[in-house]
Amino acid sequence: MEVGGLRVNPFTMGGMREKQRCDWAKAEPNITYHDTEWGVPHHDDRALFELLILEGAQAGLSWTTILNKRAGYRRAFDNFDTRRVARYDARKVQQLLEDSEIVRNRLKIAAAVQNARGLLDVQKEFGSFDAYIWRFVGGQPIQNAWRSLREAPTRTAESDAMSKDLAKRGFKFVGSTICYAFMQATGMVNDHVVTCFRYREATAAQLPPALCRSPKGHPSGGAAKPGRLPYRGKSQA
Ligand SMILES: [Zn+2]
């Protein structure tokens, strides 16, 4: 059976459901996203660009809304191919404004194009966006230990610095709270609560290759294979 685009063995579904998770991951599509991507260190520029755009698009909306539109976003934005997005012209932007599978907000769409251009400049200067963005946490995930996500901040000195520097480079929709959400998503900070089964596993996990480099024409990125979810399954470690 399929859950959020992933093939799941129905006999293990019960076990998956009983696992303790962060409060926001109570239903799909949040569960699969939480279990496989959120908080896992991301080092692929395409995946980092995608999350930067999606976190900006979320402003004022729920993350669930964005996840539900994710396949639409990948299709509409050429699978977040930065070079392509950087070349979008007024006609393409108009086309995107009429696309009901994404958030139809002129400023957010313009920001995606602007940020693609900014990202190409950063790649020229630092070699990769990955090398640039991880500098804001010294290259290693910040390990927190929250009992409840209510304890987690919505911005930090690191996200303030990231926001300020991105803004200076012309990036849009990169306020400090958006930057902090990006840092949580990309594993720059580990904000899984300590009781969550992903707390120890997220930073040790690797992003499934399918999520790093989705082949063209397959905007879902290809499903993870059954039994190949990127967590280890044993919780006594
Ligand atoms: Zn969690």
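## Starting at N105

N105 is partly exposed, because 17 other C-beta atoms sit within 10 Å, and a residue needs 20 or more to be buried. This is a predicted model, by the way. You'll find N105 in the loop between α7 (90–97) and α8 (106–126).

Which residue lies 8.5 Å from N105, C-alpha to C-alpha, while being 48 residues away in sequence? That's A57.

## The whole protein

Now for the wider view. The protein has 12 helices and four strands. Of its 237 residues, 37% count as buried.

Contacts that reach across the sequence are worth a look too. Take the ones between residues at least 6 apart in sequence: 73% of them join residues at least 24 apart.

## Where α10 meets α11

Two packed helices are described by the angle between their axes and the distance between the axes. Here the pair is α10 (residues 157–168) and α11 (residues 176–185), whose axes come within 8 Å and cross at roughly 115°. That angle makes α10 roughly perpendicular to α11, since 65 to 115 degrees is the range for that label. The crossing of the two is right-handed.

So who does the touching? On α10, the contact is made by E158, S159, D160, M162 and S163. On α11, S176, C179, Y180 and M183 take part. Sorted by class, the contact of α10 with α11 has four nonpolar, three polar and two charged residues.

Most residues other than glycine have a negative phi, and most peptide bonds are trans. A few spots in this model go the other way.

Look at the loop between α5 (70–76) and α6 (82–86), where D78 is placed. D78 isn't a glycine, yet has a positive phi of about 50°. N79 lies in the loop between α5 and α6 as well, and its phi is near 50°, a positive value in a residue other than glycine.

N79 has 20 C-beta neighbours inside 10 Å, so N79 counts as buried.

The peptide bond to check is the one joining E28 and P29: it's cis, with omega at about 5°. P29 itself lies in the loop between α1 (10–18) and α2 (30–36).

Technical notes: Residues numbered from 1 in each chain as written. Predicted model: local features only at pLDDT ≥ 70, side-chain atom pairs only at ≥ 80, totals over all residues. Axes fitted to C-alpha atoms, helices over the stretch in contact; angles between N-to-C directions. Parallel < 35°, antiparallel > 145°, perpendicular 65-115°, else oblique. Left-handed = near helix turned anticlockwise from the far one by under 90°. Contact = placed C-beta atoms within 7 Å. Nonpolar A, V, L, I, M, F, W, Y, C, P; charged D, E, K, R; others polar. Buried ≥ 20, exposed ≤ 12 C-beta atoms within 10 Å, placed from the backbone.
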